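My notes are below, in the order I made them.

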Amino acid sequence: MKPSIITALLLLVWTMSFGQKKIENKLTPEYQNVLGTKISLVPPERFTAAADFLGLQELESGSSIMVLNIPGPYSEVSKGLTKAKFLSKGVEVKKIKHYVINGLPATFVTANQKANGKLYSKYIIVFGAAEETIMINGACSANLKKIGAGIKKPLLTAYYHADKMIDPFEALDFTIDVSATKLQFAKNMGGSLMYTVDGQLPPLTSDKTFLIATKSFSKVESDNPKLFSIIRLKQLPIDIDHVEYTNEITIGGLSGYEIFAKGKDEHTEEPKNVYQVILFIDGLYYILVGITNDETEASLNDLKVAINTFRRK
């Protein structure tokens with residue numbers, strides 16, 4: 001999988017500025033570890049562990065703090081993230097500051113973004129080392145000034161447990177079994193399970209077959225699940241040439257739609273086959289997407305076998 005696809009899937013964009021401020025955070029009893037991550041922070045008032053993503057949430061207001069782990073060093077990840085890309089996602093940057101947090105370079109972005117006709121305040125801190133980069137994304141309704149201020153301060157208390165061993169499946173409420181396929185587990189990125197042929201992300205083999213499985217953390221804004229599934233397909237970083245079929249499907253007791261389509265990578269124009277399954281539950285959904293450059297049936301069958309093992313815990 002190309003780095004450009006990873007960037008597109010996660011929508012990770014920011015800009016650079018000058019000036020740094022050093023922060024030295026020390027663990028105290030107030031700190032709380034974000035389950036499934038190497039991050040601890042002092043949580044805002046009334047924020048509790050999130051049920052549908054790696055992070056914290058305040059249920060009454062719908063405010064959230066999400067932790068994302070990005071493969072690759074901060075120095076390299078930051079090169080591909082520009083102000084132009086940030087703006088292309090509808091994010092209006094208000095302020096950017098640079099810090100050094102416990103010896104690690106960090107960028108703090110304050111911004112606004114419109115979604116579903118509503119304006120949100122966003123507070124994003126990105127920092128990392130040679131092995132990985134961490135993004136912590138806080139969001140709340142723009143009119144909730146007090147909650148916004150309450151989110152911003154805790155992000156700067158972030159403490160990175162560099163040597164902490166993480167069970168990548170612990171915080172998830174679903175499982176996938178790839179043992180009967182050629183796929184290998186590669187990464188849990190922000191609650192999204194990723195699988196490749198060689199277990200590397202991006203894969204180092206010529207076979208770029210890739211599977212991602214994740215759960216939404218926002219309600220479906222549609223009463224037409226079939227149409228919603230088609231729209232989500234078009235949001236992938238693949239230029240779809242044509243859809244081979246769209247069928248109702250039931251996996252693990254959940255109903256939804258499967259779509260098989262052919263297209264090209266929007267950056268490299270390499271031919272791609274796409275197999276997408278979306279399963280709906282209580283206004284939320286699980287999305288499982290397999291993408292392969294293999295034109296034979298073997299890779300498609302492996303993707304289907306893996307996706308059909310989906311089960312809720």
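These entries go from the helix to its cover, and then along the strands.

Entry 1. A reminder to myself: I am reading a predicted model.

Entry 2. I began with helix α5, residues 225-234, and asked which of its residues are buried. I found Phe-228, Ser-229, Arg-232 and Leu-233. Looking down the axis of α5, I saw these buried residues fall within an arc of 140 degrees, so they line one face of the helix.

Entry 3. What covers the buried residues of α5? I noted four strands among the cover: β16 (238-251), β17 (254-265), β18 (271-281) and β19 (284-292).

Entry 4. I stayed with β18. Ten of its eleven residues are buried, so I have β18 down as largely enclosed by the rest of the structure.

Entry 5. Next I checked the β17 side. β17 and β18 are antiparallel, paired over nine bridges, and I found Lys-262 opposite Asn-273 of β18. Five residues lie between the strands of this hairpin, and Glu-269 has a positive phi near 65 degrees there.

Entry 6. Then I turned to the β19 side. β18 and β19 also run antiparallel, joined by nine bridges. I looked up the bridge partner of Ile-281 in β19, and it is Leu-284. This hairpin has two residues between its strands, and Asp-282 in the turn shows a positive phi of about 50 degrees.

Technical notes:
Residues numbered from 1 in each chain as written. Predicted model: local features only at pLDDT ≥ 70, side-chain atom pairs only at ≥ 80, totals over all residues. Heavy atoms only, no water. Buried < 20%, exposed > 50% of the residue type's maximum accessible area, 1.4 Å probe, protein only. Arc of directions from axis to C-beta. Contact = heavy atoms within 4.5 Å. Pairing = 2+ DSSP bridges.
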